[in-house]
Amino acid sequence: PYERGTISEDIAADYLRAHGWDVLERGYRVNRKEIDIIARQRDTIAFVEVKARAGRGYGHPLEAVTWKKRREIEHVARAWITRFGTVELQYRFDAIAITWNGNSHTLEHVEHAWLQS
């Protein structure tokens, strides 16, 4: 599971790069809270949560991005913006779902997956 998660994050980062994003941070942490990927495309910063599942038996991967997880990501995002952000930039929360079927996978990138509360 841990290894599949790491591989899934690598796949998500490669996907973002292939679609014109610069990956600024991976595993950016504030205390015990973490954002999987922080990426930039032009004037947009995306805070990206990556969720992977082995098949559909455990539900859609994005169902695991609970309100509690979203609040944790928002907390870390605020800390990142305080340290590195500028007023010219726009910020959003994205999610990438990776569903594994054996050794193959499907990837779904959800832009604006939620709005900050």
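## Salt bridges and nonpolar cores

The side chains of R71 and E74 pair in a salt bridge, N to O at 3.3 Å. The model that shows this pair is a predicted one. Both residues belong to helix α2, which spans residues 67–84. They sit 3 residues apart, about one turn of the helix.

How exposed or buried is each partner? R71 has a relative accessible area of 31%, so R71 is partly exposed. E74 has a relative accessibility of 2%, so E74 counts as buried. The cut-off for buried is under 20%.

**Other salt bridges**

How many salt bridges does the count come to? The count is 7. Side chains of opposite charge can pair when their charged atoms come close. Three of these pairs are set out here.

| Pair | N to O distance |
|---|---|
| R71 and E74 | 3.3 Å |
| K51 and E49 | 3.4 Å |
| R92 and E111 | 3.7 Å |

K51 and E49 are both buried. Their closest N and O atoms are 3.4 Å apart.

R92 and E111 meet through their side chains at 3.7 Å, N to O. This pair links distant parts of the chain. R92 lies in strand β4, residues 90–101. E111 lies in strand β5, residues 104–114. R92 has a relative accessible area of 11%, so R92 is buried. E111 reaches 45%, so E111 counts as partly exposed. D94 comes in as well: R92, D94 and E111 are linked in a network of salt bridges.

**Nonpolar cores**

In soluble globular proteins, nonpolar side chains tend to be buried together. Here, the largest nonpolar core has 14 residues. Which residues have the most contacts inside this core? They are Y28, I35, I38, I45, F47, W80 and F93.

Several elements give two or more residues to the core: β1 (22–30), β2 (33–41), β3 (44–54) and α2. The largest share, 4 residues, comes from α2. Helix α2 also holds the R71 and E74 pair.

F93 brings the two topics together. Leaving out residues up to four places away in sequence, F93 touches F47, I73, E74, A77, E111, H112, A113, W114 and Q116. Among these contacts is E74, the salt-bridge partner of R71.

Another core lies apart from the largest one. This other core has 13 residues, among them I11, I37, A46 and I98.

Terms used
Residues are numbered from 1 along each chain as its sequence is written. This is a predicted model: local features need pLDDT of at least 70, side-chain atom pairs count only at pLDDT 80 or more; totals for chains, interfaces and linings use all residues. Side-chain values use heavy atoms; hydrogens and water are left out. A salt bridge is a side-chain nitrogen of Lys or Arg within 4 Å of a carboxyl oxygen of Asp or Glu. Buried means under 20% relative accessible area, exposed over 50%, partly exposed in between (1.4 Å probe, protein chains only). A nonpolar core is a set of buried Ala, Val, Leu, Ile, Met, Phe, Trp, Tyr and Cys residues joined through side-chain atoms within 4.5 Å. Contact means heavy atoms within 4.5 Å.
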